[in-house]
Amino acid sequence: MAVVLMAIVSCKKIFPSENVPAYIHISNISLRPDMRLDTNKNEVTLSNKITDSWVYVDNQAVGAYQNPCTFPVITTPGRHEIKIGSGIKLDGIAATRVIYNFYTLF
């Protein structure tokens, strides 16, 4: 008798339906030269140490992730604005990672 009662009680939904997460994958972040700055048409060489991606969805911080990364984002269904900032190691120290404000958010 107790087994039958357990089976009946366990069939009910305890939690309402939940949103399925979307996954974002970032392989790397690289710089693109602004050719307007090069008036002599010389070859432009870029060097950077971008190690992290700082992610915002609808101007809300989702997190900072070391590149390459794949992570879930749970929001309401529909269109959303995603911004990605470039992160660096402050003073070259791995424990102090910050967003580099001199790069434009993508």
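Let us begin with the sheet: 4 strands form an open sheet in the order E3-E2-E5-E6, with antiparallel pairing. Strand E3 (60-66) and E6 stand at its edges, each with a single partner strand, so one side of each has no neighbour in the sheet. From one strand to the next, the twist averages 30°. Strands here are DSSP runs of at least two residues, numbered from the N terminus, and two strands pair if DSSP finds at least two bridges between them. Angles run from 0 to 180 degrees between N-to-C directions, using axes fitted as lines to C-alpha atoms.

A word on the model: it is predicted, local features need pLDDT of at least 70, side-chain atom pairs count only at pLDDT 80 or more, and totals for chains, interfaces and linings use all residues. Residues are numbered from 1 along each chain as its sequence is written, and side-chain values use heavy atoms, leaving out hydrogens and water.

Within the sheet, E2 and E3 run antiparallel and are joined by 6 bridges. Asp-52 has Gln-66 as its bridge partner in E3.

Asp-52 also meets Arg-97 through their side chains in a salt bridge of 2.8 Å, N to O. The two lie 45 residues apart, so to speak in distant parts of the chain. The count is 1 salt bridge, the rule being a side-chain nitrogen of Lys or Arg within 4 Å of a carboxyl oxygen of Asp or Glu.
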